[in-house]
Amino acid sequence: MPVFDFNFQVQAPLIAVRQFHSDTRALKRLTPPPTIVQLHKIESLAEGSVSKFTLWVGPLPLRWKAVHYDVSEHGFTDVQEEGPAAKWRHTHSFTRVTDDVTAINEHIEYEHRSGFWGIVTRILFARPNLYLMFAYRKFAMRWYLRRQLRD
């Protein structure tokens, strides 16, 4: 089973990182262009909350239903219940480094389907593509948190 880890720090207190992820706009803010996110149902982040959305990768729609588990001030896990992968379990962990710095660990365990969707996810979730997606997320999160903390 493939695993992907991405770690970085943000210049923001733990509470600000948690609030950023609790905002229903977070998914759109963290999705790199040219992918378009179409939100169908996004519940506030809580144990058992559901997010239903479509990621448009060009003309290709990736319909997704994620359920959130292990929600705490130190992170959460979203599990794909419906979607393009056979399995997708994404754990977001937040660790206080100092009062003003938070470490973020993104850990994904996933499996591919067979057939057409297996080919699609093998391309989209190839390690270089995941790295680029999370490098964008790091940039976006830092940018939004800087703006949020200034206001």
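Colleague: Okay, Leucine 130: what does it touch, leaving out residues up to four places away in sequence?

Modeller: Leucine 130 touches Phe4, Trp88, Tyr110, Leu124 and Phe125. Contact here means heavy atoms within 4.5 Å. Before you ask, this is a predicted model, where local features need pLDDT of at least 70 and side-chain atom pairs count only at pLDDT 80 or more, while totals for chains, interfaces and linings use all residues. Residues are numbered from 1 along each chain as its sequence is written, and side-chain values use heavy atoms, with hydrogens and water left out.

Colleague: Where does leucine 130 sit, and is it buried or exposed?

Modeller: Leucine 130 is in helix α4, and at 0% relative accessibility it counts as buried. The cut-offs are under 20% relative accessible area for buried, over 50% for exposed and partly exposed in between, with a 1.4 Å probe on protein chains only. Helices and strands are DSSP runs numbered from the N terminus: H or I with at least four residues, or E with at least two.

Colleague: Which other residues of α4 are buried?

Modeller: Besides Leu130, the buried ones are Phe134, Arg137, Ala140, Met141 and Leu145. That spacing is worth a thought, because an α-helix has 3.6 residues a turn, so residues three or four places apart point the same way. The cover over the buried residues of α4 includes β1, α1, α2, β6, β7 and α3 (115–124).

Colleague: What about the helix span, how does α4 compare with what 24 residues should give?

Modeller: It agrees: at 1.5 Å a residue the span should be 34 Å, and the end C-alpha atoms of α4 are 34 Å apart. The expected value is 1.5 Å times one less than the number of residues.

Colleague: Switching to rings. How many aromatic pairs are there?

Modeller: The search of the whole structure finds 16. Rings of Phe, Tyr and Trp (its six-membered ring) pair if their centres lie within 6.5 Å; planes under 30 degrees apart are stacked, over 60 edge-to-face, and the rest tilted. Take phenylalanine 4 and phenylalanine 134: centres 5.5 Å apart and planes at 40°, so that pair is tilted.

Colleague: Which parts does that pair tie together?

Modeller: Phenylalanine 4 is in strand β1 (residues 3–10) and phenylalanine 134 in helix α4 (residues 127–150), so the pair links parts 130 residues apart in sequence. Tryptophan 88 and tyrosine 110 make another tilted pair, with centres 5.7 Å apart and planes at 45°. Tryptophan 88 is in strand β6 (residues 87–98) and tyrosine 110 in strand β7 (residues 101–111).

Colleague: Which residues do ring pairs link into a cluster?

Modeller: Phe4, Phe6, Phe8, Tyr131 and Phe134.

Colleague: On to pockets. What's the volume of the largest one?

Modeller: About 830 Å³. The grid is 1 Å over the protein atoms alone, and a pocket is an open set of points where a 1.4 Å probe fits, with protein on both sides within 12 Å along at least five of seven lines; lining residues have an atom within 4 Å of a point. Points join across faces, edges and corners, and the volume is the space filled by probe spheres set on them.

Colleague: Which lining residues are closest to its centre?

Modeller: Of the 38 in the lining, those are Leu27, Thr31, Leu55, Met133 and Arg137. Helix α4 gives the most to the lining, with six residues. By class, the lining has 23 nonpolar, ten polar and five charged residues. Nonpolar covers Ala, Val, Leu, Ile, Met, Phe, Trp, Tyr, Cys and Pro, charged is Asp, Glu, Lys and Arg, and polar is the others, including Gly.

Colleague: Last one: is histidine 92 buried or exposed?

Modeller: Buried, with a relative accessible area of 5%. Histidine 92 is in strand β6, and beyond its neighbours within four places in sequence, its contacts include His21, Asp78, Glu106 and Arg137.
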